[in-house]
Structure formats: C-alpha cells, structure tokens
Amino acid sequence: MSTLAHISDRFDPRARSDADEIARALDENLSGTGPAVTRYEAALAKAFGADEAVTASSGSSAVMVALAALGLQPGDEVILTPTCPLCTVYPIMALRLVPVFCDTLPDSFSLDLEMAERLITPNTRAIIDIPMWGYPVAADATAAFADRHGLPYVLDLAHGHAIELKGRFLWTYAQIATFSTHASKIMVTGEGGFLLTNNADLAEQARLYARFGNLGGVHFGMNHKIGGLQAALGLARLPRLFDDILQRRNTMTAIASRLDNPLLAPLPIVEGGQPNGLSLLVRELAGNGKSLVDHMDACGVPSDILEYGCRPLYQFPILAQYARSCPNAEALLGSIATIPVHPGIARPEVEQIVSALNSYHGGSI
Ligand SMILES: *Cc1c(COP(=O)(O)O)cnc(C)c1O
C-alpha cells in the first residue's frame with residue numbers, strides 16, 4: 001500500500017488556488033523570513049512527515065546549505081554517483097569539497113557499495129545519493145553502509161519528491177534530504193528548493209547558513225532564502241502534488257504494460273520501491289540508447305538525455321580531474337530514453353508514445 005493514498009488527510013480540504021495564496025502573501029512581508037515562508041515550511045514538514053523543513057532559493061542552494069550544515073570543510077571528500085546533473089556537483093565544488101565519483105549498480109542509480117567501500121579514505125565526510133527521474137535507489141542499504149562508516153547520508157531528491165521505499169518516503173533514510181521546485185521538476189514554484197531532516201541541530205545549522213548566520217557576525221552564512229511569492233505558490237501546489245504523482249504512476253504503467261518490442265524494456269524498479277513518475281525510463285537492451293533517443297525525438301517524443309546531453313559527470317571538461325571509470329553509470333546513461341508521463345499526457349499522447357516505442361528497429365550499424 002502506498003503511503004501516498006493517505007496523504008491528502010494532511011491537507012486542509014479547502015485548498016487555495018495559486019492566485020489566492022499569492023494574494024494573501026502580497027498583504028504580508030514577502031521576505032524569506034516572512035509568514036508565507038513560515039507557513040510553507042510547516043506545510044512541507046507535515047506533508048512529508050519531517051520534524052523540520054528549511055526552504056532555500058533553489059535545489060542547488062539546498063544541496064550547498066545541507067553540506068554546510070553538516071560542517072564539511074574544504075578538502076573533505078564526498079562520494080557520489082556520476083549519473084547526476086552538474087547541478088549537484090557545483091555546490092560541492094563551491095564549498096571546495098572534493099567530489100569522488102563511485103559507480104552505480106548495473107540497473108539502477110543506486111550506489112555500488114563494494115566500490116564505495118574501496119573509495120573511502122580518512123578524508124571521506126559524506127555520501128550523497130541522487131535518484132534520477134524519480135526512480136528509487138536502495139537507500140536502506142546505503143544508509144546502513146554510511147552508518148557503519150560513521151558518515152552522514154545525504155539524498156539529493158531534486159527529482160525525488162515522494163519516492164517511496166518499503167512503505168516509507170525515501171528521504172527518511174537520509175540524515176538530510178534536499179529538493180528543488182524549479183520549473184523542470186515535479187512540483188514547481190519557478191525557482192526554489194527545500195530540505196528535510198529529523199535532526200533539530202542540522203535544521204538549526206541549515207537555517208543559520210541560509211540566513212547570513214543571522215548576521216550576528218559569529219557564524220558564516222549566505223543568503224539562500226526563498227521569497228514569499230515562491231513560498232505562496234508552493235503552499236498552493238503542495239496539496240496537488242500527491243494526486244499528480246498517482247496519475248503519473250498510472251501513466252507509467254499504461255505505457256510500460258503495452259511495451260512490445262524485444263529491443264526495449266522499462267528500467268527495473270528497485271525492490272520495494274515506488275517511483276514518483278517524473279519520467280518513465282526505457283532501456284535499449286543492446287545498449288545503443290543514442291539511436292533510441294534519436295528515434296523517439298523524430299517521433300515527437302522528447303528525451304532529457306538528448307536535451308541535456310546526459311553523460312557521466314567526469315566526462316565534462318570541468319570535472320575531468322575527478323575522472324574514475326564507472327562502467328555501469330556509462331552504460332546506464334548510454335542506454336536509456338526518458339519518456340514524459342506528466343499530467344499533460346493523456347490517451348492520444350500515450351498512443352503516440354507506445355507506437356513510437358514499438359516501432360523502434362534498433363540503430364543502424
Ligand atoms: C535540478 C537539480 C538540481 C538543482 O536544482 P535547482 O533548483 O535548479 O538549483 C540539483 N540536483 C538535481 C539532481 C537536479 O536534478
């Protein structure tokens with residue numbers, strides 16, 4: 001049973017529209033410490049079952065604030081998978097931390113713990129997992145691994161609002177989890193982000209860092225606050241997120257169940273996991289995903305892989321110095337197409353997507 005089925009109980013049934021929430025915010029102080037932000041943080045904490053929610057101006061700000069809250073210092077090493085976007089690694093570099101790329105398992109974005117074990121040094125200070133396109137990772141195993149090594153476990157859930165694993169929200173496996181509400185994500189405030197934690201000290205440190213250390217001149221910090229208008233939009237949209245996700249999951253199933261092409265298969269879902277339906281991922285079994293994304297594009301079905309030129313991060317020039325062979329990550333990003341399943345996808349688009357997938361004949365050799 002999905003946790004999402006009961007979540008609407010956590011919302012006031014008289015949910016307000018975007019315009020209502022924004023109008024209410026316009027009558028108040030719009031700053032990042034104003035009442036709209038306070039209400040939004042309370043609503044986020046309640047919706048996701050967290051003790052603390054701290055808002056941020058973006059998902060990458062949330063990553064930076066989380067790592068700063070953990071007390072990481074220049075030169076500290078953080079282990080992460082290279083299948084994430086540059087948006088995760090730039091905040092790491094901004095804090096002068098060292099990204100240490102570790103491979104994924106063959107069929108998911110889960111960290112390869114055997115390789116991670118070999119990468120741990122006396123300077124390792126954190127492990128960051130980044131579930132992509134809403135697919136769960138084996139966060140239970142990674143959390144146990146991190147715990148055994150005395151390392152904090154961070155989840156960058158910019159793609160991962162309300163992913164579930166074994167009856168719990170995925171975020172609950174981490175000490176601290178970060179989210180984005182950028183226009184390309186599953187819940188949209190234009191720009192924006194937040195983090196969730198059950199650790200009151202971490203939340204306190206995060207608030208300090210995101211608010212100039214409260215300008216006391218004792219603690220360093222920056223301004224990573226969200227504004228009142230974005231918070232108002234978040235307040236209006238949060239109650240609709242969970243119904244959206246249920247609809248997205250149905251669309252995923254509708255497409256995947258009609259996939260009838262021996263060259264393709266949906267990416268398997270980690271045991272006990274529930275994706276959030278950001279995208280459906282379909283894999284080219286022979287590994288030539290480039291021709292698959294080209295074919296889908298020609299059929300009018302866009303793929304993030306093409307749009308963002310997704311590849312393991314160390315293949316970008318700016319990260320070349322951190323290169324380390326991650327064959328599973330390379331094969332994974334090289335073989336998938338992302339298929340849109342957002343609430344705008346109705347029956348005609350499902351037909352179009354299914355026929356595009358089933359008419360794929362493989363790449364020319
Ligand atoms: C989009 C994204 C971010 C950055 O979020 P912004 O709100 O755009 O700063 C960070 N991490 C991942 C995995 C993302 O997909």
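Trainee: Which helices each supply at least two residues of the shell around the ligand?

Mentor: This is a predicted model, in which local features need pLDDT of at least 70 and side-chain atom pairs count only at pLDDT 80 or more, while totals for chains, interfaces and linings use all residues. Residues are numbered from 1 along each chain as its sequence is written, and side-chain values use heavy atoms, with hydrogens and water left out. Helices are DSSP runs of H or I with at least four residues, strands are runs of E with at least two, and both are numbered from the N terminus. The two that qualify are helix 3 (59-69) and helix 4 (86-94).

Trainee: How many residues surround the ligand?

Mentor: A residue counts as near if one of its heavy atoms lies within 4 Å of the molecule. Gly59, Ser60, Asp156, Ser180 and Lys185 are the closest. By class, the shell has four nonpolar, eight polar and two charged residues (Ala, Val, Leu, Ile, Met, Phe, Trp, Tyr, Cys and Pro are nonpolar; Asp, Glu, Lys and Arg charged; the others, Gly among them, polar). The number surrounding the ligand is 14.

Trainee: How much of the ligand does the protein bury?

Mentor: Ser60 has a polar side-chain atom 2.6 Å from a ligand oxygen, and for Ser180 the corresponding distance is 2.7 Å. At Gly59 a polar backbone atom is 2.7 Å from an oxygen atom of the ligand. Taken alone, the ligand exposes 380 Å² (Shrake-Rupley method, 1.4 Å probe), and the buried part of that is 92%.

Trainee: Where does the ligand sit?

Mentor: On a 1 Å grid over the protein atoms alone, a pocket is an open set of points with protein on both sides within 12 Å along at least five of seven lines, and lining residues have an atom within 4 Å of a point. A molecule sits in a pocket if more than half of its atoms lie within 2 Å of its grid points. By that test the ligand is in the largest pocket.

Trainee: What is the volume of the largest pocket?

Mentor: Its lining has 41 residues, with His159, Ser184, Lys185, Asp304 and Tyr308 nearest the centre. The volume of the largest pocket is about 890 Å³.

Trainee: How much space lies in the largest cavity?

Mentor: A cavity is a set of grid points where a 1.4 Å probe fits but cannot get out. The structure holds one cavity of 30 Å³ or more. The space in the largest cavity is about 40 Å³.

Notes:
Polar contact = N/O pair within 3.5 Å; in protein donor to acceptor, adjacent residues only side chain to side chain. Points joined across faces, edges and corners; volume = space filled by probe spheres on them.
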